[in-house]
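The sequence and model come first.

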Amino acid sequence: MAIQKEIWTAAIVENLFASNSFLSKAFNADEYVNQGKTVHIPQAGAPSGVKKNRTELPATVAKRTDTDVTFVLDEYTTNPICIPHADTVELSYDKRESVLRNDKLKLADEVALSFIDAWSPAATRCIETTGAEVDAYTPKATGKRKGLCKADVLALMTKFNAEDIPQEGRYLLLDAYMYSQLLADLTQSENMAFLACADAANGIVGKLFGFNVMTRSTVALYDATKAKKAWSAEGAATDLAAALAWHEQSVCRALGEVKAFENEGDPTFYGDIYSFLIRAGGRILRSDNKGVAAIVQGTPATKAG
């Protein structure tokens, strides 16, 4: 029995955004994928301008110069896996379904982390946490860090308001620890109001200061200089965990081609071999990075000896 590539491919794509629902809260650039590899997103030029009580006629005519931003999709491939002939006879389709389930979950996690890295801004767009001291919890990190508190989210709101970021469509993604720290900092009434705005179907666990709050096990990672760092990199004692905030029109995501490969009845492995490939990518849309910010762990001052 064939693996029904179209059905399996659709299941992988659906799972990418169902398991990590924050990925859907962004500008969808799928339609700009050229030949499944490069994404081109049109960028409108500056508006023509407005003049009050114009006295000079004819008015000067100008042309608007539009540009575009581009990025290349990364390619993710699963390791080929063999299902022995005995399994296909004794277990039938269940073994194949198990393979798909495990592989698509792994793909979803890898793609999600790549989007977080692509959306994580530079140090100039970082806000430090200011809450009570907590233990460092990123891999190989040591010492103390400042926890997340509601004042940090308020500072984030002020930053977005000052930059005229629209009120609707703001999101804040917290890791498991920062989410707990925030809840602990809210009063009982604030906590009730926060949870009352939860929308489980869309992955939103609450709303605070205009931000739709979402959570996952890990979010962003920064080094001691506030430079973003990949989770696959070697951990350091001074690493800093970070939350990610954005407006849905300030970041984009694109999903390219998804392919399922099969080699049934392989004579050298005496079984069926399957693997999957997907192209995905994203970026911050604005060149000034407005509408995107990171809340990075602050480090307590060193106490004098």
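## Basis

A residue is called buried under 20% relative accessible area, exposed over 50%, and partly exposed in between (1.4 Å probe, protein chains only). Helices (H or I, at least four residues) and strands (E, at least two) are DSSP runs, numbered from the N terminus.

This is a predicted model, in which local features need pLDDT of at least 70 and side-chain atom pairs count only at pLDDT 80 or more, while totals for chains, interfaces and linings use all residues. Residues are numbered from 1 along each chain as its sequence is written, and side-chain values use heavy atoms, with hydrogens and water left out.

## Salt bridges

A salt bridge here is a side-chain nitrogen of Lys or Arg within 4 Å of a carboxyl oxygen of Asp or Glu. The whole structure has 11 salt bridges. One of them joins Arg216 to Asp109, at 3.1 Å from N to O. This pair links distant parts of the chain, 107 residues apart: Arg216 is in the loop between strands E12 (211-215) and E13 (220-222), and Asp109 is in helix H3 (residues 93-119). Arg216 counts as buried because its relative accessibility is 11%; Asp109, at 29%, counts as partly exposed.

Glu75 and Arg279 form another salt bridge, at 3.2 Å from N to O. Glu75 belongs to strand E5 (residues 74-77) and Arg279 to strand E16 (residues 271-284), 204 residues apart. Relative accessibility is 44% for Glu75, which is therefore partly exposed, and 16% for Arg279, which is therefore buried.

## Aromatic pairs

Rings of Phe, Tyr and Trp (its six-membered ring) pair if their centres lie within 6.5 Å; planes under 30 degrees apart count as stacked, over 60 as edge-to-face and the rest as tilted. The count comes to 7 aromatic pairs. Phe22 and Trp119 are edge-to-face, with 6.1 Å between centres and 85° between planes. Phe22 lies in the loop between helix H1 (5-19) and strand E1 (27-28) and Trp119 in helix H3, so the pair ties together parts 97 residues apart in sequence. Both Phe22 and Trp119 are buried. Ring pairs also link Phe22, Phe115, Trp119, Tyr171 and Trp246 into a cluster.

## Helix H5

Which residues of helix H5 (residues 176-185) are buried? They are Met178, Tyr179, Gln181 and Leu182. Viewed down the H5 axis, these buried residues fall within an arc of 160° (taken from the directions from the helix axis to the C-beta atoms), so they line one face of the helix.
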